[in-house]
Amino acid sequence: METIKTSYSDGKLVVTMAGRIDMNNVEDVRKEVFAAVEAHPDVRPRFDAKELDYISSAGLRVLLQVGTRYDQPLDIVDVSPMVMEILETTGFTQIMNIHPAK
């Protein structure tokens with residue numbers, strides 16, 4: 001399973017996160033995310049967490065680094081209860097637009 005998949009369509013950049021993002025794969029995640037962001041510098045990405053099972057502090061740091069490029073908070077959508085707990089505990093719900101899975 002791919003950890004990160006990016007797509008650009010109709011002026012929207014979507015970064016889909018899947019599985020686990022942790023110290024074992026965070027450098028690959030960082031490279032893929034920043035390649036997509038740099039390819040579309042005027043588009044604020046939306047992160048889809050529908051398939052994300054876990055994100056470590058290293059993965060959260062990548063989100064923070066991406067977020068500093070924009071004047072609006074990043075959107076993270078379809079967040080599972082487990083990942084939501086991580087985002088709440090770390091304060092990410094205060095600095096990003098988090099949308100729980102329905």
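**A tour from the helix pair to the core**

Start with helices α1 and α2: they run roughly parallel to each other (angles under 35 degrees count as roughly parallel, over 145 as roughly antiparallel, 65 to 115 as roughly perpendicular, and the rest as oblique). What you have open is a predicted model, so local features are given only at pLDDT of at least 70 and side-chain atom pairs only at 80 or more, while totals for chains, interfaces and linings use all residues. Numbering starts from 1 along each chain as its sequence is written, and side-chain values use heavy atoms, with hydrogens and water left out.

**Stop 1: α1 against α2**

Select α1 (26-39) and α2 (57-67); helices here are DSSP runs of H or I with at least four residues, strands are runs of E with at least two, and both are numbered from the N terminus. The two helices pack at an angle of about 15°, axes 10 Å apart (axes are lines fitted to C-alpha atoms, for helices over the stretch in contact, and angles run from 0 to 180 degrees between N-to-C directions). Their crossing is right-handed, that is, the near helix is turned clockwise from the far one by less than a right angle. Show side chains for V26, R30, V33, F34 and V37 on α1, which meet A58, G59, V62, Q65 and V66 on α2 (contact means heavy atoms within 4.5 Å).

Stay on α2 and colour A58, G59, L60, V62, L63, V66 and G67, its buried residues. Buried means under 20% relative accessible area, exposed over 50%, and partly exposed in between, with a 1.4 Å probe and protein chains only. Their cover includes β2, α1, β3, β4, α3 and α4.

**Stop 2: the core**

Which members of the largest nonpolar core touch the most other members? Select M17, F47, L63 and I76, out of 29 residues in that core. Such a core is a set of buried Ala, Val, Leu, Ile, Met, Phe, Trp, Tyr and Cys residues joined through side-chain atoms within 4.5 Å. The elements giving it two or more residues are β2 (12-21), α1, β3 (46-55), α2, β4 (75-79) and α3 (81-90). Now centre on M17: beyond four places in sequence, its contacts include T3, I4, F47, L52, L63 and I76.

**Stop 3**

Move to α3, where V83, M84, I86 and L87 are buried. They lie on the same side of the helix because they cover an arc of only 160° around its axis, taken from the directions from the helix axis to the C-beta atoms. The buried residues pack against β3, α2, β4, α4 (92-95) and β5 (97-100). Just past the helix, G91 has a positive phi of about 85°.

**Stop 4: buried loop residues**

Next, pick M96 in the loop between α4 and β5. M96 is buried, at 7% relative accessible area, and it touches L63, L64, P73, L74 and I76, leaving out residues up to four places away in sequence. Then jump to S56, in the loop between β3 and α2; S56 is buried too, at 9%.

**Stop 5: positive phi without glycine**

Finish with D10, in the loop between β1 (4-9) and β2. D10 has a positive phi of about 50° though it is not a glycine. Is D10 buried or exposed? D10 is exposed, with a relative accessible area of 76%.
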